[in-house]
Amino acid sequence: MIDTKVHVLTVTNMITLIGPITSDLTLAEGSYLVNNEIFFINNATLTILPGTTIHFRGSYAMLRKINNGKIIAIGTKDKNITFFHEMS
């Protein structure tokens with residue numbers, strides 16, 4: 001019997017983000033993984049540079065800003081900022 005299922009193995013180099021984040025953080029061009037809630041608190045600013053990809057994995061993966069936290073994400077025509085959500 002032939003196995004007709006499609007098997008996909010994705011191997012990527014990603015930096016896993018963990019929190020809470022209490023000081024400014026800049027994500028340079030590359031790939032990042034968020035597995036849980038990450039809080040940006042106490043005036044912390046997350047700056048996402050062009051060419052960045054963020055993968056949210058699981059039902060609780062998210063970025064949340066609390067107590068004046070900020071998220072700045074401005075891509076360009078040639079270097080987008082991409083957000084993916086994957087259920088695990």
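Author: Along the sequence the chain reads β-β-β-β-β-β-β-β-β, that is, nine strands and zero helices. Helices (H or I, at least four residues) and strands (E, at least two) are DSSP runs, numbered from the N terminus. This is a predicted model, in which local features need pLDDT of at least 70, side-chain atom pairs count only at pLDDT 80 or more, and totals for chains, interfaces and linings use all residues. Residues are numbered from 1 along each chain as its sequence is written, and side-chain values use heavy atoms, with hydrogens and water left out.

Of the 88 residues in the chain, 25% are buried (buried is under 20% relative accessible area, exposed over 50%, partly exposed in between; 1.4 Å probe, protein chains only).

Strand β6 covers residues 52–57 and includes threonine 52. Threonine 52 has a relative accessible area of 0%, so it counts as buried. Beyond its neighbours within four places in sequence, threonine 52 is in contact (heavy atoms within 4.5 Å) with Leu27, Ala28, Glu29, Gly30, Tyr32, Asn80, Ile81 and Thr82. With alanine 28, the threonine 52 side chain reaches the backbone oxygen at 3.2 Å.

Arginine 57 also lies in strand β6. Its relative accessibility is 30%, and arginine 57 is therefore partly exposed. The C-alpha atoms of arginine 57 and histidine 85 are 5.9 Å apart, although 28 residues separate the two along the chain. The arginine 57 side chain also makes a polar contact with the side chain of glutamate 86, at 3.0 Å. A polar contact is a pair of N or O atoms within 3.5 Å; within protein, one must be able to donate a hydrogen and the other to accept it, and residues adjacent in sequence count only if both atoms are side-chain atoms.
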